[in-house]
Amino acid sequence: MVNLLNRSGDMIAVDSDGLPMTSSVQVIQPSGVLDSSIGSEVREKVSAMLKQGVSTILVDLSQTTFVDSSGLGALVACLKLARSANCQLAICALNDQVKMLLELTSMDRVFKIFPDRTAFEQTLSQQLPAS
């Protein structure tokens, strides 16, 4: 796990623990307020992952307490980057504020949303070919 701190002390954790196909699946877990500062860090990390050839990215928002308009813009930018690289990007573990924001902006129709990381992992493992 890699931890990144921004100026206000909010942490972004990046890991791939427990996921099948860890070389092509990565998880980003921002914590605290997802604002312009954290959003920029998330965009940079997604861009770096895409350059490494990652095929699926999960943004786990379980540790995110609030998303402002800049944070939402960063998530949308990440989705656009992922799509242009033929990569899937999903989000999970939304709190009530984030759910409401996505619903009000109709972004809940744009993002693939999972209730939690376990649901994402189950869906991903069902998509893997049998060995």
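Which residue in β8 is the bridge partner of Ile-91? In this predicted model, the partner is Ile-113.

**Strand β7 and its neighbours**

Ile-91 also has a counterpart in another strand: Val-59 stands opposite Ile-91 in β7. Strand β5 covers residues 56-60 and pairs with β7. The table sets out the two pairings.

| Strand pair | Sense | Bridges |
|---|---|---|
| β5 and β7 | parallel | five bridges |
| β7 and β8 | parallel | three bridges |

Between β7 and β8, the chain passes through helix α3, residues 96-104. This β-α-β crossover is right-handed.

Why is β7 largely enclosed by the rest of the structure? Four of its five residues are buried, that is, under 20% relative accessible area, so the strand is largely enclosed.

**The largest pocket**

Rolling a probe the size of a water molecule over the atoms shows where empty space is left. Here, the largest pocket holds about 180 Å³ of space. Its lining has 15 residues, and the closest to the pocket centre are Gln-88, Leu-89, Ala-90, Lys-112 and Phe-114.

Which elements each supply at least two residues of the lining? They are α2 (69-84), β7 (88-92), β8 (112-114) and α4 (117-127). Helix α4 gives the most, with four residues.

By class, the lining has nine nonpolar residues, four polar ones and two charged ones.

Notes:
Residues numbered from 1 in each chain as written. Predicted model: local features only at pLDDT ≥ 70, side-chain atom pairs only at ≥ 80, totals over all residues. Heavy atoms only, no water. 1 Å grid on protein atoms, 1.4 Å probe; cavity = no way out; pocket = protein on both sides within 12 Å on 5 of 7 lines; lining within 4 Å. Points joined across faces, edges and corners; volume = space filled by probe spheres on them. Nonpolar A, V, L, I, M, F, W, Y, C, P; charged D, E, K, R; others polar. Buried < 20%, exposed > 50% of the residue type's maximum accessible area, 1.4 Å probe, protein only. Pairing = 2+ DSSP bridges. Right-handed = clockwise from strand over helix to strand, strands pointing away.
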